[in-house]
Amino acid sequence: MSQTTPRSTRTQHEIAHGQWLADQDTEKVWGWNTPAGRLRAQRRARLIADGAELAPTSRILEIGCGTGMFTEMFAATGAAIVAVDLSGDLLAKARARGLPPDRVRFIEKPFEECDVDGPFDAVIGSSVLHHLDIDASLPRICELLKPGGHFSFAEPNMLNPQVFMERHLQFLPIFSYTSPDETAFVRWSFARKLRDNGFEEVTITPFDWLHPHSPPELIDTVRAIGRVLEQIPICREFAGSVYIHAKRSA
């Protein structure tokens with residue numbers, strides 16, 4: 001008689017968090033539904049898609065697709081996408097988008113337990129790696145990529161003051177939207193981790209100074225200031241996000 005391996009506490013927490021998110025206006029919780037938030041999402045999707053070189057000939061694995069908001073943007077490139085998420089509640093929202101089933105396939109499973117078949121031209125995602133057991137996930141991602149395949153993700157930057165407080169003061173009600181085990185990344189240490197797990201040509205770039213709650217009349221000003229800050233050494237290290245790109249070693 002076969003036995004089912006108990007799911008980790010982390011996985012249980014993430015499934016419960018996904019259910020909580022699905023019961024809310026999810027994009028509002030994540031800050032993607034404001035005028036500034038929509039611009040942030042578009043920029044993020046473009047960075048990920050361009051870095052992964054998404055095209056109609058691409059076969060892509062998206063980890064942590066959630067409600068499918070970014071999946072929809074990635075699918076606009078014509079790429080064939082396998083989109084994975086552990087939350088059936090969030091995936092119900094993703095499926096409701098009516099994306100073309102011949103090119104977009106959704107799978108309900110924690111990535112760490114996912115048995116999809118590679119190789120993929122790219123493995124991508126937005127704000128998902130910090131929810132994973134990263135030491136288990138990176139070797140699996142590398143295994144699923146073809147040699148020279150792209151690793152393309154946008155993630156929270158631990159050096160950003162708001163992100164730092166969210167991760168270290170989770171007990172405060174104001175940060176109730178965070179899950180118990182999520183973290184964020186410092187780019188230098190994460191770059192070393194990628195190289196140690198079979199990746200090369202690693203670049204991690206701080207970006208994103210536009211807060212989702214920026215007043216519409218100030219968006220252009222904040223974006224202009226942000227573009228300057230992203231070029232200034234030391235200052236740029238405190239941006240809200242990091243864009244991570246690497247390739248699987250040949």
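**Close-up 1. Aspartate 115 and lysine 109 form a salt bridge.** In this predicted model, the closest N and O atoms of aspartate 115 and lysine 109 are 3.9 Å apart, and this counts as a salt bridge because the cut-off for such a pair is 4 Å. The two partners can also be described by their accessibility: aspartate 115 is exposed, with a relative accessible area of 56%, while lysine 109 is partly exposed, at 25%. Side chains of opposite charge can pair when their charged atoms come close. The structure as a whole holds 13 salt bridges, and some others are shown in the views that follow.

**Close-up 2. Arginine 43 is paired with glutamate 230 in a salt bridge.** Here the closest N and O atoms lie 2.8 Å apart. With a relative accessible area of 29%, arginine 43 is partly exposed, but glutamate 230, at 11%, counts as buried.

**Close-up 3. A salt bridge joins the side chains of arginine 187 and glutamate 237.** The distance from N to O in this pair is 2.7 Å. Because arginine 187 lies in helix α8 and glutamate 237 in the loop between α9 and β7, the pair ties together parts that are 50 residues apart in sequence. Are the two partners buried or exposed? Arginine 187 has a relative accessible area of 17% and is buried, and glutamate 237, with 10%, is buried as well.

**Close-up 4. Glu27, Glu72 and Arg97 are linked through salt bridges.** This view shows three residues, Glu27, Glu72 and Arg97, which take part in a network of salt bridges.

**Close-up 5. Helix α7 has buried residues along one face.** In α7, the residues Val163, Glu166 and Arg167 are buried. Seen down the axis of α7, the buried residues fall within an arc of 90°, so they line one face of the helix. An α-helix has 3.6 residues a turn, so residues three or four places apart point the same way. The cover over the buried residues of α7 includes strand β5 (145-156).

**Close-up 6. A nonpolar patch on the surface is formed by Phe171, Leu172 and Ile174.** Together, these three residues have about 330 Å² of accessible area. One of them, phenylalanine 171, is placed in the loop between α7 (161-168) and α8 (187-196). Phenylalanine 171 is exposed, with a relative accessible area of 65%.

**Close-up 7. Serine 87 is a buried residue in a loop.** The loop in question runs between β2 (80-85) and α5 (88-95), and serine 87 has a relative accessibility of 1%. When its neighbours within four places in sequence are left aside, the residues in contact with serine 87 are Gly18, Gln19 and Glu108.

**Close-up 8. Glycine 118 and proline 119 are joined by a cis peptide bond.** The omega angle of this bond is about 0°. Proline 119 has its place in the loop between β3 (104-108) and β4 (120-126).

**Close-up 9. Glutamate 53 and serine 127 have positive phi values.** For glutamate 53, a residue other than glycine, phi is near 55°; this glutamate is located in the loop between α3 and β1 (59-63), and it is exposed, with a relative accessible area of 53%. Serine 127, again a residue other than glycine, has a phi near 50°. The loop that holds serine 127 lies between β4 and α6 (134-144), and at 25% relative accessibility this serine counts as partly exposed.

Definitions and conventions. Residues numbered from 1 in each chain as written. Predicted model: local features only at pLDDT ≥ 70, side-chain atom pairs only at ≥ 80, totals over all residues. Heavy atoms only, no water. Patch = residues over 30% accessible without salt bridge, like charges linked within 9 Å, V, L, I, M, F, W, Y side chains within 5 Å. Areas by Shrake-Rupley, 256 points an atom, 1.4 Å probe, with all protein chains shown as cover. Helix = DSSP H or I, 4+ residues; strand = E, 2+ residues; numbered from the N terminus. Buried < 20%, exposed > 50% of the residue type's maximum accessible area, 1.4 Å probe, protein only. Contact = heavy atoms within 4.5 Å. Arc of directions from axis to C-beta.
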